[in-house]
Amino acid sequence: MKESGRKQGAAPPCAACKLLRRRCAQDCVFAPYFPADEPQKFANVHKVFGASNVNKMLQELPVHQRGDAVSSMVYEANARVRDPVYGCVGAISSLQQQIDALQTQLAMAQAEVVHLRVRQTASFSHHGFGPGSPSNSGSPSSKLMGSQAKPIFDMDMVVDQASFGESMWSC
C-alpha cells in the first residue's frame, strides 16, 4: 500500500490535509500546528474560519507569531462550536459576571469586618478599655484579665473575639 503524505517514511499527513483530503507537502503551513493526532482541532477551526482564510492568515504572519495565532483561532473556534452566537465573548461575559459577584461578596465581607471591629472597639471603650483608661498599659491579655468583677464581652462579642482575636492582637 502506498503511503500518502510527505515522503516515504515521513510523518503522516497533518490533520488539515487529512480533513481536506489533499497531499501534505513538506512545507505545509498547517503541519506544525495541526498534528494528525488532533483532528478535531483543525475541524473546528476550518468550520469557523475556513481553510483558505486560515492559510492566508498564517502565511501573512512571521513564523514566530503563528503558534499564538493558531492558539487564538482554536480557542475562538472551540468557543463558537459551544456557543455559536456569542463565542468567546459569551465566556468572557460569564467570567466578568462571576468577577462582579465575587467583588460584591468581598465588599460585603470587608464591610462586615469593619462593622464587627467598630462594635468590638465600642465594647472595649464601654468596659473601661478605651485609650484614656488607667488599665490601658500592658499587654492585651492583661487588659482582658484585669477586671474579674464584671464581664468583659457581651455574648456576641465572645464569638467576635474567637473569630478576630488572633488578627487583632497580632499587631
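**Entry 1: ground rules.** I am working with a predicted model, where local features need pLDDT of at least 70 and side-chain atom pairs count only at pLDDT 80 or more, while totals for chains, interfaces and linings use all residues. Residues are numbered from 1 along each chain as its sequence is written, and side-chain values use heavy atoms, with hydrogens and water left out.

**Entry 2: the overall fold.** I found seven helices and zero strands in the chain. Helices here are DSSP runs of H or I with at least four residues, strands are runs of E with at least two, and both are numbered from the N terminus. Read from the N terminus, the order is α-α-α-α-α-α-α.

Entry 3: I checked how much of the chain is buried, and the figure is 27% of the 171 residues. Buried means under 20% relative accessible area, exposed means over 50%, and partly exposed lies in between (1.4 Å probe, protein chains only). The accessible surface of the chain is about 11,800 Å², and carbon and sulfur atoms hold 58% of that. These areas come from the Shrake-Rupley method with a 1.4 Å probe, and for residues only the protein chains shown count as cover.

**Entry 4: the core.** Next I looked up the largest nonpolar core, which has 21 residues. Such a core is a set of buried Ala, Val, Leu, Ile, Met, Phe, Trp, Tyr and Cys residues joined through side-chain atoms within 4.5 Å. C14, F30, F34 and L58 have the most contacts inside this core. At least two core residues come from each of α1 (15-20), α2 (39-49), α3 (51-60) and α4 (63-82). The most come from α4, which gives five.

I then followed C14. Apart from neighbours within four places in sequence, C14 touches C24, C28, F30, A31, F34 and A36, where a contact means heavy atoms within 4.5 Å.

**Entry 5: rings.** Which residues make up the aromatic cluster? I found F30, F34 and F42 together in one. The whole structure holds three aromatic pairs. Rings of Phe, Tyr and Trp (its six-membered ring) pair if their centres lie within 6.5 Å; planes under 30 degrees apart are stacked, over 60 edge-to-face, and the rest tilted.

**Entry 6: helix α2.** After α2 comes G50, with a positive phi near 90 degrees.

**Entry 7: back to the salt bridges.** I counted two of them, by the rule that a side-chain nitrogen of Lys or Arg lies within 4 Å of a carboxyl oxygen of Asp or Glu. In the K41 and E38 pair, K41 is partly exposed at 24% relative accessibility, and E38 is partly exposed at 34%. The other bridge joins R80 and E76, at 2.9 Å from N to O. Both residues sit in helix α4, four residues apart, or about one turn of the helix. Is E76 buried or exposed? E76 counts as buried at 16%, whereas R80 is partly exposed at 28%.

**Entry 8: a record to compare.** I saw that UniProt, in an unreviewed entry, places a "coiled-coil region" at residues 92-119. In the model, residues 92-119 are 100% helix and 0% strand, with the end C-alpha atoms 40 Å apart. I noted that UniProt positions follow the numbering used here, feature names are shortened, and annotations may be inferred rather than shown by experiment.
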